[in-house]
Amino acid sequence: MSTDRLERDAERAADRLRVVGPRMAARTGPEAQALLDDVRADLQRLADLAADAQERPRRAVPVLAAHALADQVLVLAHDVAVAAPGTPAGDAATEAAVAVVAALKARI
């Protein structure tokens with residue numbers, strides 16, 4: 001799986017999050033909070049994939065304001081893309097990250 005595809009898909013997800021993130025934060029219902037929680041869970045999955053590919057300990061992704069979600073997805077997707085390029089662990093992490101970003105895009 002191509003790291004270029006991962007970064008391209010992450011850009012598309014970030015574009016959506018730049019618009020949708022602040023709107024989600026402005027809502028006060030449980031549905032909006034559930035969606036924010038789901039997005040943040042996807043961000044954690046990306047961070048875990050990067051850590052696993054680099055054989056580093058997993059760390060919690062900071063919970064930032066909704067307007068920062070786009071930047072977080074870009075940084076974390078990039079972390080996966082550069083984690084271990086050309087290795088089986090890196091390739092598997094990239095493939096899994098593409099699926100995480102696809103699910104994120106579908107959700108938002």
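**Entry 1: the model.** I reminded myself that this is a predicted model.

**Entry 2: the pocket.** I started with how much space lies in the largest pocket, and the value came out at about 220 Å³. I then looked up its lining and found 14 residues. Nearest the centre of the pocket I noted A47, R56, R59, L76 and D79. Sorted by class, the lining has eight nonpolar residues, five charged ones and one polar one.

**Entry 3: who supplies the lining?** I checked the helices next. Both α2 (30–53) and α3 (69–81) give at least two residues each to the lining of the largest pocket. The largest share comes from α2, with four residues.

**Entry 4: the two helices together.** Two packed helices are described by the distance between their axes and the angle between them, so I looked up both. The axes of α2 and α3 come within 8 Å and cross at roughly 20°. An angle under 35 degrees counts as roughly parallel, and α2 and α3 are therefore roughly parallel to each other. I also noted that their crossing is left-handed.

**Entry 5: the contact.** On the α2 side I listed L36, V39, R40, L43, L46, A47, L49 and A50. On the α3 side I listed L69, Q72, V73, L76, A77, D79 and V80. By class, the residues of this contact of α2 with α3 are 12 nonpolar, two charged and one polar.

**Entry 6: a cross-check.** A47, L76 and D79 take part in the contact, and A47, L76 and D79 are also among the residues nearest the centre of the largest pocket.

Key
Residues numbered from 1 in each chain as written. Predicted model: local features only at pLDDT ≥ 70, side-chain atom pairs only at ≥ 80, totals over all residues. Heavy atoms only, no water. 1 Å grid on protein atoms, 1.4 Å probe; cavity = no way out; pocket = protein on both sides within 12 Å on 5 of 7 lines; lining within 4 Å. Points joined across faces, edges and corners; volume = space filled by probe spheres on them. Nonpolar A, V, L, I, M, F, W, Y, C, P; charged D, E, K, R; others polar. Axes fitted to C-alpha atoms, helices over the stretch in contact; angles between N-to-C directions. Parallel < 35°, antiparallel > 145°, perpendicular 65-115°, else oblique. Left-handed = near helix turned anticlockwise from the far one by under 90°. Contact = heavy atoms within 4.5 Å.
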